[in-house]
Number of protein chains: 2
Amino acid sequence: MQATALDRTFHALSDPTRRAMVQRLARGPASVSELAKPLSISLPAVMQHLAVLETSGIVRTEKVGRVRTCSVEPKMLGLAERWIAERRASWERKLDRLADYLDATASENDNDTDSGEAK
Amino acid sequence: MQATALDRTFHALSDPTRRAMVQRLARGPASVSELAKPLSISLPAVMQHLAVLETSGIVRTEKVGRVRTCSVEPKMLGLAERWIAERRASWERKLDRLADYLDATASENDNDTDSGEAK
């Protein structure tokens, strides 16, 4: 289930218009028309992008009267961020171990050279 | 240009097979056949996913003789992680300011109540 949640979240973030919408909402909640204003696309297109963001769980919308207010739901962003961070950390640990191994090998070689010179 | 790089990176991460490949490579470099072994898909499908990962810049491959070795290229993962982290941080600052405002309003109300009681 978490796999499909991550599928949807990364898919939602793969579009520049949707990222612009998330960027705007990260500064605070906005109505759909406030969200649409800086974007040079039609309102139906905005609604479609908003639906993708809502399905992914990145954005929550609430309708009061005739105004739909959109806001960021940080949980899914946190999940996606953590997925990437953990893979990066794993890769960096791997690199550190490689560096340690190379250091150890280098100092072994130094010792070999030292003892060679001492003779 | 950065927009399209992020498009490609988030798109690459939106597929569970490609995430499994990144997860494997985060533990260290692997040949294409090592990468394919745990996956229950055909080698051409693996190659297709690998091409998406390579185009996005998340994975780098190097062919020596007949063996193609794949490894993680952490720069693009870092970019994607930072994009999410910055939006989350912006949203959290917004929430903090809201909390401060509510605290301030609450203590103003307390003061009003206090002075009211003092009369």
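## A walk through the sheets, helices and core

Start in chain B: select residues 59-64 (strand E2) and residues 67-72 (strand E3), which pair in the antiparallel sense over six bridges. Strands here, like helices, are DSSP runs numbered from the N terminus (E, at least two residues, for strands; H or I, at least four, for helices), and two strands pair if DSSP finds at least two bridges between them. This is a predicted model, where local features need pLDDT of at least 70 and side-chain atom pairs count only at pLDDT 80 or more, while totals for chains, interfaces and linings use all residues. On bookkeeping, residues are numbered from 1 along each chain as its sequence is written, chains are lettered from A and ligands numbered from 1 in the order in which they are written, and side-chain values use heavy atoms, with hydrogens and water left out.

**Stop 1: the hairpin in chain B.** E2(B) and E3(B) form a hairpin with two residues between them. Click on Gly65(B) in the turn: its phi is positive, about 60 degrees. Now pick Lys63(B), whose bridge partner in E3(B) is Arg68(B). Strand E1 (residues 30-31) of chain B pairs with E3(B) in the antiparallel sense over two bridges.

**Stop 2: two helices in chain B.** Show helix H2 (residues 16-26) and helix H4 (residues 43-56) of chain B. They pack at an angle of about 75 degrees, with their axes 10 Å apart (axes are lines fitted to C-alpha atoms, for helices over the stretch in contact, and angles run from 0 to 180 degrees between N-to-C directions). That makes H2(B) roughly perpendicular to H4(B), a label for angles of 65 to 115 degrees. For the contact (heavy atoms within 4.5 Å), select Thr17(B), Arg18(B), Met21(B) and Val22(B) on H2(B), then Val46(B), His49(B), Leu50(B), Val52(B) and Leu53(B) on H4(B).

**Stop 3: the core.** Which residues have the most contacts inside the largest nonpolar core? Select Ile58(A) and Ile58(B); that core has 54 residues. A nonpolar core is a set of buried Ala, Val, Leu, Ile, Met, Phe, Trp, Tyr and Cys residues joined through side-chain atoms within 4.5 Å, and buried means under 20% relative accessible area (1.4 Å probe, protein chains only). Leaving aside neighbours within four places in sequence, the contacts of Ile58(B) include Val22(B), Leu53(B), Ser71(B) and Met76(B).

**Stop 4: the sheet in chain A.** Switch to chain A, which has five helices and three strands, running α-α-β-α-α-β-β-α from the N terminus on. The three strands form an open antiparallel sheet in the order E1-E3-E2. Strands E1 (30-31) and E2 (59-64) of chain A stand at the edges with a single partner strand each, so one side of each is left without a neighbour in the sheet. Six bridges join E2(A) to E3(A). Helix H2 (residues 16-26) of chain A packs on the sheet, touching E1, E2 and E3, with its direction at about 90 degrees to that of E3(A). Helix H4 (residues 43-56) of chain A lies across E2 and E3, at about 115 degrees to E2(A).

**Last stop: Ser71(A).** Find this residue in strand E3 (residues 67-72) of chain A. Is Ser71(A) buried or exposed? At 12% relative accessibility, Ser71(A) counts as buried. Its bridge partner is Arg60(A). Not counting residues up to four places away in sequence, Ser71(A) touches Pro29(A), Ile58(A), Val59(A), Arg60(A) and, in chain B, Trp91(B).

Definitions and conventions
Angles under 35 degrees count as roughly parallel, over 145 as roughly antiparallel, 65 to 115 as roughly perpendicular and the rest as oblique. Buried means under 20% relative accessible area, exposed over 50%, partly exposed in between (1.4 Å probe, protein chains only).
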